[in-house]
Amino acid sequence: MQTLAWTELPSIKVFNTLGRKLETFTPFKPGLVRMYVCGPTVYDYTHLGHARTYVAFDAIKRYFRLRGFNVIHVQNITDIDDKIINRARSEGKDWREIVDIYTKDYFEMLEKLKIKVDIHPRVTEHINEIIEFIQELIDKGYAYVAPSGSVYFEVDKYPDYGSLSGLKNPEEWRQEVEVLKEKKKPYDFALWKAWKPGEPYWEAPWGRGRPGWHIECSVMSSKYLGRQFEIHGGGQDLIFPHHENERAQSEALFGVKPWVKYWLHTGYLTVHGEKMSKSLGNIIPLREAVKKWGAETLRLWLLSAHYRTQLDYSEDALEQARANLRRLRMAVEDLRKIIGSVTPPAKLTDREVKVITTVEKTYMEFHNAMSNDFNTAKALAAIMELVRIVNRDIVPGEMYVAAVRAYRVFEDFNYVFGVLDDVLYGVVKLEHEKMVEDLVNLIVRVRGELRKRKLYDIADEIRAELRRLGIQLYDYPGGKTVWRLERT
Ligand code: AMP
Ligand code: ZN
């Protein structure tokens, strides 16, 4: 007799940049994952390279949630920076205008990619906290005010500097060369940048100016996640100096070690082997890519490589992702039909038990891959094997239990990958609902016009008709009309 065996899920392992090794994930507080990801400097459109990092951390978050963790995901917006000021200057715009344009683009792109961040703090809304943080660093002797009114972190006061990046030789630490003269050491970094004419500024005890880049993430992460938290992430480019500096100033001020338990960094999205970046002039705006490929294909392609590897842009690979997506969708639709047309059996056949066992194997392979430092590439391979099982082994009209089980595995897969919402949960229907909304808005606008022209009888007739359909209109003084569905 064939029997069914159910296995336990493996514990989650993460590759920690700090120490460069795989570690079993153990949060500070059981069940809680506090995750801070360095978000965009909003001076240009979101590109595919950004999407690589955002989608990677979105999948990591989703996997933790799938495994029952409570995840708080903070992703900041850098809305004051040299790059923003320069862009505003070159376009003859106010810097806030630049910030508004690209912040809007960023939010729209996250929504398209189905990425839900819990908290999105902005630097300019945390200036007071930043000033307090810097003042405390000065009071404790970790920072000094230079003659210009800029404030620097004194790297020599933090003995563990270089551990995160692995750069232990001070020769390799040089940063912010332009202000070398007033720094005690060439590798000290700015916490506060003194005002220069024509730049935005805030008043601080040591003079007007604006925050340096690194300080913002220490301040905002601790504000929303506490003085110790589990995960800090971003692209590989941020390991040095950004994250090294964040770590130094936070551990210095808070007197805790580790400040962050696990440091996770994504590999680059490249074009012909070169990092996709504005400065190299090789960016593909995310908006264009979404239009061409659709969010699901893009997500599937981005997750078809492990997050720490380099991923090169390739239309062939995207075509492959599109084809895989189609096969995944069809498999789910087939399962739906099978589940809808068969009744649960009184007894499982040996043949079905065998099929269920192979389905379970893909389920375990999916979880083994995801638990092993979120290996989405291997996890996807397991699910594509499940597609083959559905096509080849699950007999329509017969194998209800195998079909239900396979369907559940696709649900788990989708919980992390986010590419099958439409077939699994009928977002297609929601598209119709959106159309109904647009139509009602149109009718309401036309009715508003009629009222303006004093054609009240037709306007009232429309209102009555809509009421009969369960749509109630509320007219407010000034001509504004709001509608609501009122089903009885
Ligand atoms: P930025 O606005 O350049 O600071 O980037 C915002 C986030 O996207 C950071 O976490 C970066 O590390 C990441 N990022 C930028 N370009 C790429 C790329 N080509 N590949 C992967 N991640 C990137
Ligand atoms: Zn940061």
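Author: Setting aside residues within four places of it in sequence, Glu315 touches Lys292 and Trp293. Keep in mind that this is a predicted model. Glu315 sits in helix H9, which covers residues 315-341. How open is Glu315? Its relative accessibility is 36%, so Glu315 counts as partly exposed.

One of those two contacts is also a salt bridge: the side chains of Lys292 and Glu315 come together at 3.1 Å, N to O. Lys292 belongs to helix H7 (residues 286-293) and Glu315 to helix H9, so this pair ties together parts that are 23 residues apart in sequence. Lys292 is partly exposed too, because its relative accessible area is 47%. For a sense of span, take Glu315 and His367: they are 52 residues apart in sequence, and their C-alpha atoms are 29 Å apart in space.

Now for the other charged pairs. How many salt bridges does the structure hold? The count is 46. Among them is the one between Lys257 and Glu251, whose closest N and O atoms are 2.7 Å apart. Glu251, in turn, is buried because its relative accessible area is 7%, and buried means under 20%.

Then there's Glu360 with Arg405, where the side chains meet in a salt bridge at 2.3 Å, N to O. That pair links distant parts of the chain, with Glu360 in helix H10 (residues 350-371) and Arg405 in helix H12 (residues 400-417), 45 residues apart. Are Glu360 and Arg405 buried or exposed? Both are buried.

On to the nonpolar side of things. The largest nonpolar core has 138 residues, and within it Ile394 and Phe410 touch the most other members. Which helix gives the largest share of this core? That is helix H1 (residues 48-66), with 10 residues. Domain 1 (27-146 + 155-167 + 213-313) and domain 2 (323-424) both contribute residues, so this core lies between them.

Zooming in on Ile394, and again leaving out neighbours within four places in sequence, its contacts are Leu335, Ile338, Val355, Ile389, Met399, Ala402, Ala403 and Ala406. Apart from the 138-residue core, there is another core made of five residues, including Val440, Leu466, Ile471 and Leu473.

Last stop, the surface. Met435, Leu439, Leu442 and Val446 make up a nonpolar patch there, and together they have about 360 Å² of accessible area. Met435 is part of helix H14, residues 427-452. Met435 counts as exposed because its relative accessibility is 51%, and the cut-off for exposed is over 50%.

Methods:
Residues numbered from 1 in each chain as written. Chains lettered and ligands numbered in written order. Predicted model: local features only at pLDDT ≥ 70, side-chain atom pairs only at ≥ 80, totals over all residues. Heavy atoms only, no water. Patch = residues over 30% accessible without salt bridge, like charges linked within 9 Å, V, L, I, M, F, W, Y side chains within 5 Å. Areas by Shrake-Rupley, 256 points an atom, 1.4 Å probe, with all protein chains shown as cover. Salt bridge = Lys/Arg side-chain N within 4 Å of Asp/Glu carboxyl O. Helix = DSSP H or I, 4+ residues; strand = E, 2+ residues; numbered from the N terminus. Buried < 20%, exposed > 50% of the residue type's maximum accessible area, 1.4 Å probe, protein only. Core = buried A, V, L, I, M, F, W, Y, C linked by side-chain atoms within 4.5 Å. Domains from an automatic or database assignment. Contact = heavy atoms within 4.5 Å.
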